[in-house]
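I'm opening my notebook on this one. Here is what I looked up, entry by entry.

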Amino acid sequence: MANVLIPLIIILAIVALVQITRVSELLGELKKIDVNNVTEEDNNTQGFLFVVIGGAFLIFVVWQMLEWNHLLLPPASSMHGEQIDALMQFTMGLILVAFFLLTPILFYFAYKYRGRKDNRAYYYPHNNKLELIWTVVPTIILTGVIIYGLKTWDSVMNVDTSDAHEIEVYSKQFQWLAREAGEDKVLGASNFKLIDATNNLGVDMEDPNSLDDKVVREVHLVVDKPVLLKFRSQDVIHSAFLPHFRVQMNCVPGLSTQFAFTPTQTTKEMKIQEGEDFDYVLLCNKICGAAHYNMQMKFVVETQEEYDAWIASQKTLDEKLLTQK
Amino acid sequence: MSDHHKETFITKYIFSLDHKMIAKQFLLTGMFMALVGMLMSAIFRVQLANPGESSILYNFLPSHWINEVGALNPDKYLALVTMHGTILVFWVLTAGLSGTFANFLIPLQIGARDMASGFINMLSYWFFFAATVVLIWSIYVPSGPASGGWTIYPPLSALPQSIPGSGTGMTLWLVAITLFIVGSLLGGLNYIVTILNLRTKGMSMKRLPLTVWALFFTAILGVLSFPVLLSCGLLLIFDRSFGTSFYLSDIVINGEVLHNIGGSPILFEHLFWFLGHPEVYIILLPALGITSEIIATNSRKPIFGYKAMVGSLLAIAFLSFVVWGHHMFMTGMNPFLGSVFTFTTLLIAIPSAVKVFNFLATLWKANIRFTPAMLFAIATVSTFITGGLTGLILGDSALDINVHDTYFVVGHFHIVMGLSAIYGMLAGVYHWFPKMYGRMMNKSLGYIHFWTTFICAYGVFFPMHFLGLAGLPRRYYTNSSFPMFDGLSDINSIITFFALSGAVVQVIFLFNFFYSIFKGPKTTKNPWKSTTLEWTTPVERIHGNWPGELPEVKRWAYDYSKPGYEDDFVPQTVELKEGEKDV
Ligand code: HEM
Ligand SMILES: [Cu+2]
Ligand SMILES: [Cu+2]
């Protein structure tokens with residue numbers, strides 16, 4: 001309700017303002033002055049407002065940084081994520097410096113060079129040397145940013161996945177599923193034409209590799225062990241987003257995509273750090289329909305023993321499809 | 001020129017061939033759509049602050065969008081964000097902005113009697129108008145308007161089974177955008193031809209005001225990229241209606257196995273963003289041009305580094321064609337390709353930085369006159385700085401992994417594109433209003449409008465960066481399904497508060513605008529003491545712009561406070577003195 005009341009109050013305030021302005025205009029007419037002419041007094045007020053309100057904006061920014069810092073994502077729980085965080089700190093630092101330099105200059109110039117009647121602006125159409133400097137300096141800085149960025153990108157994306165544990169992550173409106181490869185460590189073939197109410201992922205049961213695959217509703221990872229997630233989608237584009245691991249990849253029907261990473265913090269460790277409610281979660285981050293906002297799956301990072309116990313408790317596809325028949 | 005045949009109401013106000021009237025038609029249609037789009041955002045902000053509750057604002061919506069308890073349906077939340085984005089990006093900031101100022105300023109500032117083809121110009125508006133009617137109509141179809149985001153990625157936009165809005169609503173969306181594209185191509189070609197062919201004597205390209213340069217590059221971008229969107233849309237129409245598989249493959253939906261094989265949704269994304277990225281500059285460049293003009297005029301100082309300003313526009317326009325892949329880093333593209341797009345994307349920061357420094361240098365040692373237009377122009381520079389900087393994070397593919405499609409992106413593009421362009425548009429309206437309507441807008445209301453808007457706009461969009469860094473995805477009906485976002489409700493309430501207030505204060509502007517059209521004090525010929533040609537035309541609107549001969553141009557557009565002259569401005573029509581150099 002407050003959301004509606006507040007604007008209403010503002011409307012009333014505006015109506016009042018309008019009235020006041022009208023009156024001032026009428027007075028101006030009586031006194032034969034042009035109220036729309038910008039006077040020296042206006043320049044003083046508006047210049048001053050740039051410093052005050054512009055300054056308030058900068059303070060607001062700092063306030064947000066202090067006040068909301070604890071709401072931001074905790075440090076990355078993955079190996080490559082630490083590199084991304086470092087690059088982020090560097091880039092964020094750089095743009096904050098630029099922001100806190102340029103914005104105050106802009107507002108200060110507005111104030112400092114506010115017009116006065118007896119003043120004349122300085123005719124200064126160009127200065128090639130200056131312009132060269134402020135083309136070259138950003139270029140040098142950006143070269144650094146680009147090189148650092150590309151190096152990080154390269155080491156994040158081009159990883160050796162030969163000994164990574166492979167898991168298929170499967171998306172559909174509005175649910176995630178996952179498939180473990182089972183004993184043979186090979187995911188069985190699949191075909192979208194085989195999808196039906198019992199065979200959710202369209203796994204091809206003719207393929208011997210499929211029999212020991214396990215379809216699961218949450219994903220368990222072993223801490224410090226590389227994992228390769230392979231993504232598929234059944235209907236529309238979804239995006240698998242694991243913000244705590246700094247992992248994201250679109251799931252595209254008709255296309256297979258993947259992301260490899262190594263988790264470094266168990267769920268238990270994170271619960272100690274972040275509170276009992278903490279859980280790693282997979283979100284959907286590509287608009288995919290009405291329940292896009294509620295498409296989630298739990299991820300658990302644990303020790304090898306815990307993982308072994310958990311995976312043993314899951315049924316293979318062979319067992320599952322048999323019971324259903 | 002003696003084609004002053006008698007104007008009837010219809011030829012003067014409706015099927016007008018006069019560029020100035022067509023400009024006003026674009027402006028009013030754009031303003032109307034801006035109100036519609038803003039109302040939609042107010043409504044979905046209310047849902048985000050009070051998820052699942054009812055609100056009196058929902059009375060504006062068709063009743064079947066609301067469920068039994070009075071809350072907004074989740075798929076209709078997506079319908080609202082989709083239509084909001086479509087309306088703001090295309091209808092307001094493309095047609096509303098370019099349509100208004102290209103039409104209005106190009107002939108007036110280059111010294112032409114009208115556009116190269118008045119008739120094509122009129123058609124351009126009426127195609128746009130037809131597009132507007134179809135788009136508004138689509139809101140009221142029973143299954144609702146398009147709901148797959150303004151980027152309409154298939155398969156979501158191709159399959160009515162995937163979301164109700166992908167039925168009739170999406171068909172109408174595609175019809176509307178097709179009409180829209182035809183209109184903007186007709187307009188764009190006209191702008192280009194006019195600038196190239198109809199410049200008055202002495203108006204060399206080197207003497208063009210920066211507004212005209214900006215509108216020129218904008219038109220070129222549009223003419224090169226909109227046809228790609230058209231073909232992109234046509235293929236989608238084929239997939240939707242004629243069973244082709246350009247974008248579709250391997251799909252099972254609602255238990256039904258579709259026959260499509262071999263298509264790729266990624267192809268759509270490539271085609272879409274090949275337009276989509278230039279499109280964001282189609283929106284931004286006119287605003288930068290307007291800003292340059294207004295800052296120079298009101299600083300009473302030449303724009304600093306005219307050549308660099310034109311050069312950086314050119315560089316930005318060129319680069320904008322080779323960066324589209326930065327919207328697709330997470331589509332599974334080859335990492336090497338990602339590197340290339342990171343490289344080209346970050347290069348854009350260089351000409352952008354040059355522009356910012358040149359704006360600052362223009363203000364240095366100026367004698368600033370704070371008209372409402374000047375306030376908005378300075379704010380454009382501020383938002384361009386703030387939003388351009390966050391682009392450095394998004395453009396870095398490695399960093400984009402964790403902020404792609406989060407509220408960080410929403411904050412970025414609303415500030416750099418949304419606010420810069422809206423401010424530029426408002427600045428333009430305040431500045432050229434006397435030329436458009438022969439009357440002045442109220443200054444004090446302009447001041448109040450500016451400061452309230454400035455505060456509210458940053459209050460809305462700056463906090464969004466923090467939501468994004470907390471991991472919150474965009475286009476979520478509510479963030480209450482994830483415990484990890486429970487701490488964010490305060491931020492959401494703050495944003496909604498500023499959004500509603502910011503919407504309400506636009507009433508001040510609307511009042512000022514319409515009141516001044518009829519009741520504002522009469523203006524003089526050159527109220528801002530400008531140098532450019534439009535201010536040499538008579539106050540009364542006449543067909544053909546100048547009553548006698550066309551003016552002749554003797555100097556560049558920025559001789560403000562030039563030493564050796566009494567006045568602090570020297571109009572472009574004033575002869576150079578003996579030995580005086582044109583810059
Ligand atoms: C230094 C300059 C800039 C860089 C490096 C940059 C970079 C980016 C990147 C990489 C994205 C994609 C983010 C993602 O979805 O993950 C993006 C989004 C966007 N940018 Fe920029 N940008 C810059 C300036 C601009 C400007 C000047 C505009 C507009 C005039 C703009 C408008 C947009 C829009 C509209 C989107 C979002 C599209 C969507 O997904 O709906 N950007 N920007
Ligand atoms: Cu999804
Ligand atoms: Cu882009």
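This is a predicted model: local features need pLDDT of at least 70, side-chain atom pairs count only at pLDDT 80 or more; totals for chains, interfaces and linings use all residues.

**Entry 1: around ligand 1**

I started with ligand 1 and found 21 residues around it, the closest being B:Trp150, B:Asp400, B:His404, B:His412 and B:Arg474. I count a residue as near when one of its heavy atoms lies within 4 Å of the molecule. Residues are numbered from 1 along each chain as its sequence is written, chains are lettered from A and ligands numbered from 1 in the order in which they are written, and side-chain values use heavy atoms, with hydrogens and water left out.

Next I checked polar contacts (pairs of N or O atoms within 3.5 Å; within protein, one must be able to donate a hydrogen and the other to accept it, and residues adjacent in sequence count only if both atoms are side-chain atoms). The side chain of B:Asp400 has an N or O atom 2.6 Å from an oxygen atom of ligand 1. For B:His404, a polar side-chain atom is also 2.6 Å from an oxygen atom of the ligand. With B:Arg474, the distance to a ligand oxygen is 2.9 Å.

**Entry 2: helix H13(B)**

Which helix gives the largest share of the shell around ligand 1? I found that H13(B) does, with five residues. Helices here are DSSP runs (H or I, at least four residues), numbered from the N terminus. I see that 29 of the 31 residues of H13(B) are buried, so this helix is largely enclosed by the rest of the structure. Buried means under 20% relative accessible area, exposed over 50%, and partly exposed in between (1.4 Å probe, protein chains only).

H13(B) has a kink of about 45 degrees at B:His431, shortly before B:Pro434. I take that bend as the angle between axes fitted to the seven residues ending there and the seven starting there.

**Entry 3: the copper ion**

What are the protein donors of ligand 3, the copper ion? They are B:His277 (ND1), B:His326 (NE2) and B:His327 (NE2), at 1.8 to 2.0 Å. Donors are N, O and S atoms within 2.8 Å of the metal (3.2 Å for Na, K and Ca), and water is not among the atoms, so sites may look incomplete. B:His326 counts as buried because its relative accessibility is 14%, whereas B:His327, at 22%, counts as partly exposed. I also noted 4.7 Å between the copper ion and the iron atom of ligand 1.

Conventions. Helices (H or I, at least four residues) and strands (E, at least two) are DSSP runs, numbered from the N terminus.
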